[in-house]
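User: Hi! Could you walk me through this structure?
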Amino acid sequence: MTETLVGAEALVRWRHPERGLISPAEFITVAEDCGLIVPLGEWVLRAACRQNRAWQRLGLPPIRMAVNLSAVQFLYRDLIDKIMSCLVECDMQADYLELEITEGILMRDTETATTLLRRLSEEGISIAVDDFGTGYSSMAYLKRFPVTKIKIDRAFVADLTKDRGDAAIVNAIIKLGHGLGLRVSAEGVETAEQMWHLRRQGCNELQGYYFGRPMPAEGLEQYLRMGKRDHTGSLAG
């Protein structure tokens, strides 16, 4: 396994004038309830693609930008058109975009999910199943969905080197993913011990505080310019 930065995950935060940065866990549900999640999601997608293309124009090695989709966004009628319009507007190739979707979203409407994922895949966009292992999807559906990557949930990685059960689950997910021809990524890597265990098992990509905490675009740009292109990182914006 090589140690190369292959991508960044776009994270949205609400900069409150009094409370500072607020986690999406506190406001995404509210945004969904009041109908703001679709325009908010479009803004995040556009900002992420625009920033990634700007880095490419600066001559920095191209990386893949991952953007999370909420359940409401995923089932929105104009999803494909909005995404493709964004790519054209930002002049970014589709293979530099990765969309992250949870198991729960996929299982809400499997027929619609399969159709949407197939169309996105045909456009060259990568699809990752986020928080894998925490949902209730069957193996049959995982084989059916045209996804390119599964991301092991941080809940299994946290005690990976201390709990035999978690280690067994992680090892099984890695083997399952590879058996299906998928790339496997692990979230929440915070220690060298976790990193080495995952590397020994052949996990394709690692992500977590061990490599770098979430940072603004300027911080990641400096990170790239300094030549520290070692691992998968997270981008907070």
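Analyst: Helices (H or I, at least four residues) and strands (E, at least two) are DSSP runs, numbered from the N terminus. This is a predicted model, where local features need pLDDT of at least 70, side-chain atom pairs count only at pLDDT 80 or more, and totals for chains, interfaces and linings use all residues. Residues are numbered from 1 along each chain as its sequence is written, and side-chain values use heavy atoms, leaving out hydrogens and water.

User: Is Thr-114 buried or exposed?
Analyst: Thr-114 counts as buried because its relative accessibility is 4%. Buried means under 20% relative accessible area, exposed over 50%, partly exposed in between (1.4 Å probe, protein chains only).

User: And what does Thr-114 touch, not counting residues up to four places away in sequence?
Analyst: Arg-144, Phe-145 and Pro-146 are what Thr-114 touches, with that exclusion. Contact means heavy atoms within 4.5 Å.

User: New topic: which residues of α4 meet α6?
Analyst: Leu-79, Ile-80 and Ile-83 in α4 meet Leu-116, Arg-119 and Leu-120 in α6. By class, that contact has five nonpolar, no polar and one charged residues. Here Ala, Val, Leu, Ile, Met, Phe, Trp, Tyr, Cys and Pro count as nonpolar, Asp, Glu, Lys and Arg as charged, and the others, Gly among them, as polar.

User: What about Glu-98, where is that?
Analyst: Glu-98 lies in strand β5 (residues 97-102). At 3% relative accessibility, Glu-98 counts as buried. Among the residues it touches, leaving out those up to four places away in sequence, are Arg-64 and Lys-149.
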